[in-house]
Amino acid sequence: MQIRDLVRRRTPLGWKQLVHSKGRMAIATAGVAFAVLLIFMQLGFMNMLFESAVMIHRQLNADIVLVSSTSRDFASPGTFPRSRLLQAVGVPGVADAEALYVTPRDWIKQSETNRGERAQMLMIGVRPDFAAFRDPEIAAQLPLLVETGTALFDRKTRGNFIPFRQAIERGERPQTELGGRTVTLVGTMQIGSSFGSEGVLIVSDQTFFEFALNRVPSAPSVGLVNVAPDHDAAGVAAAIRARFGTYDDTMVMTMEDFIEHSKGRMRRDSAISFVFTFGTIIGMIVGVVIVLEILSADVHDHLAEYATFKAMGFSNRALLGVVFEQSLILSVAGFVPGLLVSLGLYAVVRSALTMPIAMTVERLVLVFGLAVTMCALSGALAMRRVRKADPADVF
Amino acid sequence: MELSRLSHWYGAGETRRQVLFELDLVIPRGEVVFLMGPSGCGKTTILTLVGGLRSVQQGSVRVAGRELAGANEARLIANRRQCGFIFQAHNLHRSLTARENVRMGLEAQGRGLPPDADERSERMLAVVGLADHANKFQHQLSGGQRQRVAIARALVAEPPLILADEPTAALDRQTGHDVVALLRRVARERGMTVLMVTHDNRVLDFADRLLEMEDGRIVAARPGAAAAAPVNP
Ligand SMILES: Nc1ncnc2c1ncn2[C@@H]1O[C@H](COP(=O)(O)OP(=O)(O)OP(=O)(O)O)[C@@H](O)[C@H]1O
Ligand SMILES: [Mg+2]
């Protein structure tokens, strides 16, 4: 009500001036849109990297996760005593608990020359009769792993694996070298590459110990705990923690906490945040420079009018409001097309690269805030010239 | 309006130069006074001091009982709102229509746009004979029409004092004559005081009093032709 009054009670000079010089308005809008696009892509890619690192977490069929206290993330989880898992099973509210064995292993992948090339895969060992993964495709193929020396192969492994894949789909069982032994690929599934490893191989626990001679059943990497219906994960996790008492070799986290824990590690330990924050700042600078250029030119063109208005009794503040109004208009006018193009590019990235990139409300609000800040900053810089308009000059 | 012992200097140090010398002048309410004199004698300087566009350096300027010597920015702005300015160039805003330009005269009062701003602006445009041109931009108006819009803008808030600096300089003979006649008629009807600088001999008939300046001093004052004739010429 009061805001409507304010708007109606003054002439929207900033708007009128912008509309009057359409070319200028178009350039400024395009500049803001470009900056907004740049920022959306930077933040989107950054989040995509964090998300791709926890894609495997989201695949796991567990409400609560046990890992070593020294654990970094899923790819380097360390080990903890299997007896913790047995302790957890006894806690009220726990439906079942099973061990997962994880280790990175070199394998020989196909290459241009027929000799092959070494690369690192993440090998996950699991009891074939335990539903460790949510994906029904994986669950259906786990029984195949009962035969030792077999593995499920990750279609999304980085690199060109089309011949491998086609062979498996034809029902053949291609073989390659894994950790100095021969592994037979009996099926494909989809998890995706993350940092550190190029892809994932799922094997049975028996196969795991054959390929990883230094690993023993009593030292699993990740404990998957499911809670009974009508129990909440956080409460049960606290109960398990209480059961462990003074044993501090194992962390108990809900799946959400584990995901945040892994992302947080990545945020702190990698240069990703820095690189993309830098990109975002560059985007802001581009926006500020373009908008400042346009607003300054507009102020310069209207100095005589501003001086006249001052002579008529307008205060400095009222005229600074004109520039501020213009910067707000430009931030909104540029944000909308910038957002639309970004949504389009996100869709392209999703379908062409099959990477998990999505718009979030938080990011939308954040980038809109940045766009307004950007334009307000340019406005504040351009305003300095308004003060120079001298009412005594108009005669 | 009252000036007493008003002096003014431009520049600083070596180049400091006095342009007004201890001026005394009283203009009673409702009088129409024309100020004449050779170029550079200080006419515009007087207008800017009276209007509160420049700070008073020495002497005193009182407008409607308000002292401008030593006034702060807020007092100067308050004074500007009491004055209607008409410039040599029309100084209209090119992104605004005639009505919106006139309306700025109301908005300049610092209380936003009054609810009846558009009606008042249109009435004022009708007074200056531009009722049919309210929605036109300046590039669609002739020189005389633009100057009449500028007059409407200066008068719309009904300021007690009109300050005009050679408003006819850019106009042809007949248009200049009409514009000043209009200005005088409206000012008279509303009891406004007018201080107008002019070089234009053809409009002197409209003054109550004519002041001659030379080198920063008022050297002669004589009654204008209009002083004798109380009604519109
Ligand atoms: N801002 C300024 N800085 C320095 N000197 C100035 C300034 N403005 C005016 N002057 C000088 O002061 C003197 C008086 O100027 P003013 O503008 O008052 O003259 P004027 O009578 O209006 O002349 P004109 O008829 O040409 O408009 C002139 O000599 C001018 O050169
Ligand atoms: Mg002058």
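Predicted model: local features only at pLDDT ≥ 70, side-chain atom pairs only at ≥ 80, totals over all residues.
# Chatting through a two-chain model

Student: OK, what's chain A built from?
Tutor: Chain A has 14 helices and 9 strands. Those are DSSP runs numbered from the N terminus: helices are H or I with at least four residues, strands are E with at least two.

Student: And what is the radius of gyration of chain A?
Tutor: Chain A comes out at 30 Å, whereas a compact globule of 395 residues would be near 21 Å. That radius is taken over C-alpha atoms, and the globule rule is 2.2 Å times the number of residues to the power 0.38. Along the principal axes, the C-alpha atoms of chain A fill a box of roughly 95 × 55 × 30 Å.

Student: How is chain A divided into domains?
Tutor: Domain 1 of chain A covers 13-52 + 271-394, and domain 2 covers 70-248. Bounds like these come from an automatic or database domain assignment. The centres of the two domains of chain A, taken over C-alpha atoms, are 48 Å apart.

Student: What percentage of chain A is buried?
Tutor: Of its 395 residues, 50% count as buried. Buried means under 20% relative accessible area, exposed means over 50%, and partly exposed is in between (1.4 Å probe, protein chains only).

Student: Let's pick a residue. Where does E137(A) lie?
Tutor: E137(A) is in helix α6 of chain A, residues 136-141. With a relative accessible area of 28%, E137(A) is partly exposed.

Student: What does E137(A) contact?
Tutor: Apart from neighbours within four places in sequence, E137(A) is in contact with R155(A), T188(A), M189(A) and Q190(A). Contact here means heavy atoms within 4.5 Å. E137(A) and M189(A) are 52 residues apart along the chain, yet their C-alpha atoms are separated by 6.7 Å.

Student: And D230(A), is that buried or exposed?
Tutor: D230(A) is exposed, at 75% relative accessible area. D230(A) sits in the loop between β8 (222-227) and α9 (233-244) of chain A. Its phi is near 55°, a positive value in a residue other than glycine.

Student: Switching to chain B. How many helices and strands?
Tutor: Chain B has 7 helices and 10 strands. Its radius of gyration is 18 Å, close to the 17 Å that the globule rule gives for 233 residues, so chain B is as compact as a globular protein of that length. Its C-alpha trace spans about 50 × 40 × 30 Å along the principal axes.

Student: Which residues make up the domains of chain B?
Tutor: Domain 1 of chain B is 1-82 + 159-228, and domain 2 is 93-157.

Student: Where is P159(B) in chain B?
Tutor: P159(B) is in the loop between α5 (143-155) and β7 (161-165) of chain B. At 3% relative accessibility, P159(B) counts as buried. Not counting residues up to four places away in sequence, P159(B) touches Q82(B), C83(B), G84(B), A154(B) and M192(B).

Student: How far is P159(B) from H177(B) in space?
Tutor: They are 23 Å apart, C-alpha to C-alpha, and 18 residues apart in sequence.

Student: Last one: what does N91(B) contact?
Tutor: Leaving aside neighbours within four places in sequence, N91(B) is in contact with T308(A) and V394(A), and also with R153(B). N91(B) lies in the loop between β6 (83-86) and α3 (98-107) of chain B. N91(B) is buried, with a relative accessible area of 18%.

Methods:
Residues numbered from 1 in each chain as written. Chains lettered and ligands numbered in written order. Heavy atoms only, no water.
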